[in-house]
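Please give me a brisk report on this structure.

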Amino acid sequence: MIGRPRSARTSGGTPVRRTLLGALAGITALLAAGVTAAPAGAAPEPGVAAPAARERALAFWTPERMRAATPLDVLTVDRSQVRAAAPRQGEATVVAPSAPALAVGPLAFPHGGGPWSGGGAVTRTAGRVFFTYQGRTASCSGNAVTSANKSTVLTAGHCVKMQGAWHTNWVFVPGYHDGQRPYGTWAAARTLSTPQWTAGEDINYDIGAAVVAPLDGKRLTDVVGGQGLAFNTGYSKAMYSFGFPAAAPYDGEKFVYCSGTTFRDFLLSSDHGLTCNMTGGSSGGPWFTQFDEATGTGLQSSVNSFKYNFLPNAMYGPYFGADAQNLYQSAQAS
């Protein structure tokens, strides 16, 4: 359950530097954590999982452990830790989707949050992310994107590293619903994030990626397809956001969406904002521009990142600028 606001701290107890919010403004981390996990083997280097560690992760994630994920406490930040530098810009760049077009029924736009019932390619490319965080099981959301290695998943930065530590037992379950794993469970060979999130957990750059290992001799997007991407394409766009929220009124078992025209954060970050009631567990879920309800395909342009405690119906996602594009390039080259 979401608890009382507390200061974000590293595992050693020192404050984590953040980039937004004043003394009275809280930030909700939209991931979910649950039962205490068995100790995981140490990765050979941060963000890298050896084959034996990947095998342990696949064995670790039983249906019972997946269902046990519950929301973390709310994180808070004080004004002395704010560094609201605008994301670096670059040339507008678009990567086309590689997911097959699948029929979708029309749904409402705008929409403040509810189950996605239209089907389409997004129900295959998006999924739940599970990992071990500070000795507990935890969940986020993620999405498979078109990539040179056919193995790249985008998510939030805090869904791969948080409070100074890289998560372990990291897996991606595309198409998750009601406890089902129709396209299998894919273990990360490597997780990575933007330099700004990796070094200082700067909320403006809360973007993460994972390169998943082949499953049964096949690569991820050969099985589920990949969504397209868009970088440096501006603000105030018609967007769709997706995820697997696990806190009330949701339970993590349903695929949920929000839609509407985004606005630039008028408070303290440089993020996109969207009216959306998704809750903990939705972190890392994709935001799409040029989303086609007829096929379920679009251009991923952000991820679910955070909420202000006093604005529960507004979701924020980082701007995909030059650093987000560099992260994508690093991941697809891995």
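Threonine 155 stands opposite glycine 208 in strand 15. Strands pair if DSSP finds at least two bridges between them. Strands (E, at least two residues) and helices (H or I, at least four) are DSSP runs, numbered from the N terminus.

Strand 10 covers residues 152-155. Thr152 and Leu154 point one way, Val153 and Thr155 the other, and all are buried. Buried means under 20% relative accessible area, exposed over 50%, and partly exposed in between (1.4 Å probe, protein chains only).

This is a predicted model, in which local features need pLDDT of at least 70, side-chain atom pairs count only at pLDDT 80 or more, and totals for chains, interfaces and linings use all residues. Residues are numbered from 1 along each chain as its sequence is written, and side-chain values use heavy atoms, leaving out hydrogens and water.

## Nonpolar cores

The largest nonpolar core has 35 residues. Phe131, Val153, Trp170, Phe172, Val212, Leu220 and Phe320 touch the most other members. Apart from it lies another core, of 19 residues, including Met66 and Phe291. A core is a set of buried Ala, Val, Leu, Ile, Met, Phe, Trp, Tyr and Cys residues joined through side-chain atoms within 4.5 Å.

Helix 1 (residues 51-60) buries Ala53, Arg54, Ala57 and Phe60. These fall within an arc of 125 degrees seen down the axis, so they line one face. The arc is taken from the directions from the helix axis to the C-beta atoms. Pro51, Glu55 and Ala59 are exposed on the other side of helix 1.

Helix 6 (residues 322-332) is mostly covered, with 8 of its 11 residues buried. Among them are Leu327 and Tyr328.

## Salt bridges

The structure holds 5 salt bridges. Each is a side-chain nitrogen of Lys or Arg within 4 Å of a carboxyl oxygen of Asp or Glu. Lysine 150 and aspartate 222 meet at 3.1 Å, N to O. This pair links distant parts of the chain, 72 residues apart: the loop between strand 9 and strand 10, and helix 5 (residues 220-224).

Glutamate 201 bridges to lysine 161, with the closest N and O atoms 3.5 Å apart. Glutamate 201 lies in the loop between helix 4 (195-200) and strand 15, and lysine 161 in strand 11 (residues 161-162), so the pair ties together parts 40 residues apart in sequence. Both glutamate 201 and lysine 161 are buried.
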